[in-house]
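The questions below go through one chain, from its overall layout down to single residues. Each answer ends on the value or name asked for.

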Amino acid sequence: MHKRLRWVAAAGIVLALAGCSANDSGSGESAAMPMSADTKQAAPKEGVPNKEATDSKAGSGQAPAPAGQPGITDRKLVRTANLELTAPNVADVISQVRVITQGAAGYTGQESTQEKRASVNVIVPSERLDGVLDQLGKLGKQVKREVTATDVTEQMVDVESRLATQRASVERIRALLARATSVSEIASVESELTSREAELESLQKRRESLAGSVAMSTISLQVKAETVAASEESRSGFLGGLAGGWDAFLTFGGGLLTAIGAMAPFLLVFGVPVAALVWWLRKRRRPAEPAMATASDLPSAPPLD
């Protein structure tokens with residue numbers, strides 16, 4: 001009995017030692033392997049981007065533009081502005097406007113300058129539009145400032161596509177012209193070639209016009225004297241309406257007098273003779289009055305008693 005118990009105890013000790021050795025070997029293997037296969041896949045090599053990290057970065061930013069469509073930075077915009085100022089001296093402001101425009105590599109277009117009012121179109125590169133507006137706004141009191149942008153990207157893409165197609169068409173017609181033998185074939189092909197070349201030139205001018213509108217921006221500038229602006233502000237309400245009505249009446253009266261003055265020579269030359277003729281005809285048709293009454297027309301005397 002005691003012998004059997006000794007064997008059972010010995011077997012238990014052997015099993016316990018075997019378990020401890022297995023745990024130690026597992027720990028050693030874990031220490032010898034710093035990362036598993038999954039860990040190696042998650043940690044990218046130096047200089048090689050991780051696909052998951054790249055996908056996450058791409059998802060966090062803006063979505064890429066669809067194929068064939070320009071991105072946001074490739075949009076073609078035609079920008080225009082409208083600026084109104086008031087200043088003590090209109091002529092000085094216009095002189096400074098020219099200086100600012102030339103400094104921005106631009107030029108002035110249509111211009112109308114009076115003593116107390118002025119308007120001028122300023123054309124500057126589109127990338128300098130905002131800076132030029134800021135400089136012009138400091139020349140006087142800024143009353144109004146508007147900036148508009150028109151997207152012509154689709155028009156540019158359409159023109160470029162039509163240009164490529166038209167060029168290929170012109171080249172085909174030229175190849176046919178080179179192979180034409182008879183006079184009738186040459187005349188027919190030349191006529192078609194002239195038509196297609198004219199359309200190609202029209203498309204080229206269209207593209208140049210769009211490109212110029214995108215590259216250069218136009219500022220419509222109006223300048224008023226401070227006295228004129230103050231007068232316009234005061235002419236509001238009942239008194240302003242009354243003054244406006246009086247001005248309209250004077251304008252109408254002046255126009256009426258002008259029309260009468262223009263008609264006076266015609267009335268003098270043709271009206272007076274016509275009036276004299278009408279008076280003579282009416283006098284001639286009037287019946288002559290009797291010189292004296294007849295006896296039958298006299299009243300009868302009463303009978304004597």
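Q: What share of the contacts in the chain with a separation of 6 or more comes from residues 24 or more positions apart?
A: The model is a predicted one. Among contacts in the chain with a separation of 6 or more, those between residues 24 or more positions apart account for 75%.

Q: What pattern of helices and strands does the chain follow along the sequence?
A: The chain holds nine helices and five strands. Read along the sequence, the pattern is α-α-α-β-α-β-β-α-β-α-α-β-α-α.

Q: How many of the residues of the chain, as a percentage, count as buried?
A: Buried here means a relative accessible area under 20%. The chain has 305 residues, and the share that counts as buried is 18%.

Q: Which strands stand at the edges of the sheet?
A: The sheet is open, with mixed pairing, and its five strands are ordered β2-β3-β5-β1-β4. Two of these strands each have a single partner strand, so one side of each is left without a neighbour in the sheet. Neighbouring strands are turned by 10° against each other on average, direction ignored. The edge strands are β2 and β4 (141–151).

Q: In which sense do β2 and β3 pair, parallel or antiparallel?
A: Strands of a sheet pair through backbone hydrogen bonds, in either of two senses. Strand β2 covers residues 107–113 and β3 covers residues 117–125, with a hairpin of three residues joining them. Over five bridges, the sense of their pairing is antiparallel.

Q: Which residue of β3 is the bridge partner of E111?
A: Two bridge partners in β3 can be named for this pair of strands. For Y107 the partner is I123. For E111 the partner is V120.

Q: At what angle to β3 does helix α4 run?
A: Helix α4 spans residues 90–103 and lies across β1 (77–87), β2, β3 and β5 (216–225). Its angle to β3 is about 10°.

Q: How far apart are the end C-alpha atoms of α7?
A: Helix α7 (residues 183–215) lies across β1, β3 and β5, at about 55° to β5. At 1.5 Å a residue, its 33 residues should span 48 Å. The distance found between the end C-alpha atoms agrees with this, because it is 47 Å.

Q: What covers the buried residues of α7?
A: The buried residues of α7 include V189, L193, L200, L203, L210 and V214. Among the elements that cover the buried residues of this helix are β1, α6 (153–179) and β5.

Q: Which backbone oxygen does the side chain of T101 reach?
A: T101 lies in helix α4 and is buried, with a relative accessible area of 1%. Beyond its neighbours within four places in sequence, T101 is in contact with G106, Y107, T108, V122, I123 and V124. At 2.7 Å, the T101 side chain reaches the backbone oxygen of V97.

Q: What is the phi of A105?
A: Most residues other than glycine have a negative phi. A105 is in the loop between α4 and β2 and is exposed, with a relative accessible area of 51%. Its phi is positive, in a residue other than glycine, and is near 65°.

Notes. Residues are numbered from 1 along each chain as its sequence is written. This is a predicted model: local features need pLDDT of at least 70, side-chain atom pairs count only at pLDDT 80 or more; totals for chains, interfaces and linings use all residues. Side-chain values use heavy atoms; hydrogens and water are left out. Two strands pair if DSSP finds at least two bridges between them. Helices (H or I, at least four residues) and strands (E, at least two) are DSSP runs, numbered from the N terminus. Axes are lines fitted to C-alpha atoms, for helices over the stretch in contact, and angles run from 0 to 180 degrees between N-to-C directions. Contact means heavy atoms within 4.5 Å. The expected span of a helix is 1.5 Å times one less than its number of residues. Buried means under 20% relative accessible area, exposed over 50%, partly exposed in between (1.4 Å probe, protein chains only). A polar contact is a pair of N or O atoms within 3.5 Å; within protein, one must be able to donate a hydrogen and the other to accept it, and residues adjacent in sequence count only if both atoms are side-chain atoms.
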